[in-house]
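Reader: I have a model open and I'd like to learn how to read it. Could you walk me through it, one feature at a time?

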Amino acid sequence: MLRQLALLSLALVPGSLAQVSEGFENGWNQSAWPTYAPDCSQGGKVTLDTANAHSGKNSMRVDGGGGYCGHIFFGTSKVPTGDVYVRAWIKASKALTAAHVTFITMPDSAQGNKKHLRIGGQNSILMFNRESDDATLPDLSPQGVATSAALPTGSWQCFEYHLGPDGTIETWLNDKVVTGLTSKPGTANPNAAQWQRSSIKPKVTAINFGWESYGGDTNTFWYDDIVVSSTRVGCA
């Protein structure tokens, strides 16, 4: 009942606010949620999982292979202009390791052709990565790593982030602010030196969920109850 009320309230929000709200209960609409694997695709797989879900009965399952070409994503190009908030319930089968990986990738026109703003992990913690200059948020110093968080495994986690037109980035895990994954213009962040050296303000054109590994790591991720909006969503 609570989930139905939440979906109904989102349906009543103007299109400029709630662009996408999807729980995959009617299956996988591959026209609305196409797969995405730039350059090559070898070994990754996206499927509708009818036995594992955060709510209802369905979710999207991504089995990601090792190496760059083992990547695979699915996603939407319905992205608001201005502020972008993305909330997804995610479940990982394996913990993030020291290796660099991505589980959300977004083509970013502010960085240039075929460049992405990426969310994933390295040094066993969550991080943002800007493809054009390989900057990370937070810095991967011991101090920077301590300001982020690990991604728990084997259970559903509420992950949300905000991209502002002024370059703001905010991130929440289970409704708690992840301070290391926060960058705001005019606000000092001693663990965002790499990130704040650039004046690039993200302008993403799609949101893609999946797996990309730059070493040999493999993983299985599930995604459910995805919302893309121009206002904060939260986990409730």
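Reader: Let's start with burial: what share of the 236 residues in the protein is buried?

Author: Buried residues make up 51% of the 236. Here buried means under 20% relative accessible area, exposed means over 50%, and partly exposed lies in between (1.4 Å probe, protein chains only). Bear in mind that this is a predicted model, where local features need pLDDT of at least 70 and side-chain atom pairs count only at pLDDT 80 or more, while totals for chains, interfaces and linings use all residues. Residues are numbered from 1 along each chain as its sequence is written, and side-chain values use heavy atoms, with hydrogens and water left out.

Reader: How many helices and strands are there in the protein?

Author: Helices (H or I, at least four residues) and strands (E, at least two) are DSSP runs, numbered from the N terminus. The protein has three helices and 15 strands. Its radius of gyration, taken over C-alpha atoms, is 17 Å, close to the 18 Å from the globule rule (2.2 Å times the number of residues to the power 0.38), so the protein is as compact as a globular protein of 236 residues. The C-alpha trace spans about 45 × 40 × 30 Å along its principal axes.

Reader: What does UniProt list for residues 23-231?

Author: An unreviewed entry there gives "domain: Cip1-like core". UniProt positions follow the numbering used here, feature names are shortened, and annotations may be inferred rather than shown by experiment. Over residues 23-231, the chain is 4% helix and 39% strand.

Reader: Now the sheet: what is the order of its seven strands?

Author: Strands of a sheet pair through backbone hydrogen bonds, either parallel or antiparallel. Two strands count as paired if DSSP finds at least two bridges between them. The open sheet of seven strands has the order 2-5-14-7-8-9-10, with antiparallel pairing. Strand 2 (35-36) and strand 10 (135-137) are at the edges with a single partner strand each, so one side of each has no neighbour in the sheet. Strand 9 (residues 125-130) is joined to strand 10 by three bridges, and Phe 128 stands opposite Leu 137 in strand 10.

Reader: Which residues have the most contacts inside the largest nonpolar core?

Author: In soluble globular proteins, nonpolar side chains tend to be buried together. A nonpolar core is a set of buried Ala, Val, Leu, Ile, Met, Phe, Trp, Tyr and Cys residues joined through side-chain atoms within 4.5 Å. The largest one has 44 residues, and Phe 74, Phe 103, Phe 128, Tyr 161 and Phe 209 have the most contacts inside it. Strand 6 (residues 84-92) gives the most to this core, with five residues. Apart from it lies another core of five residues, including Trp 89 and Trp 156.

Reader: Where is Thr 182 found?

Author: Look in the loop between strand 13 (176-177) and helix 3 (193-196). Thr 182 counts as buried because its relative accessibility is 17%. Leu 137 is one of the residues it touches, not counting those up to four places away in sequence.

Definitions and conventions: Contact = heavy atoms within 4.5 Å.
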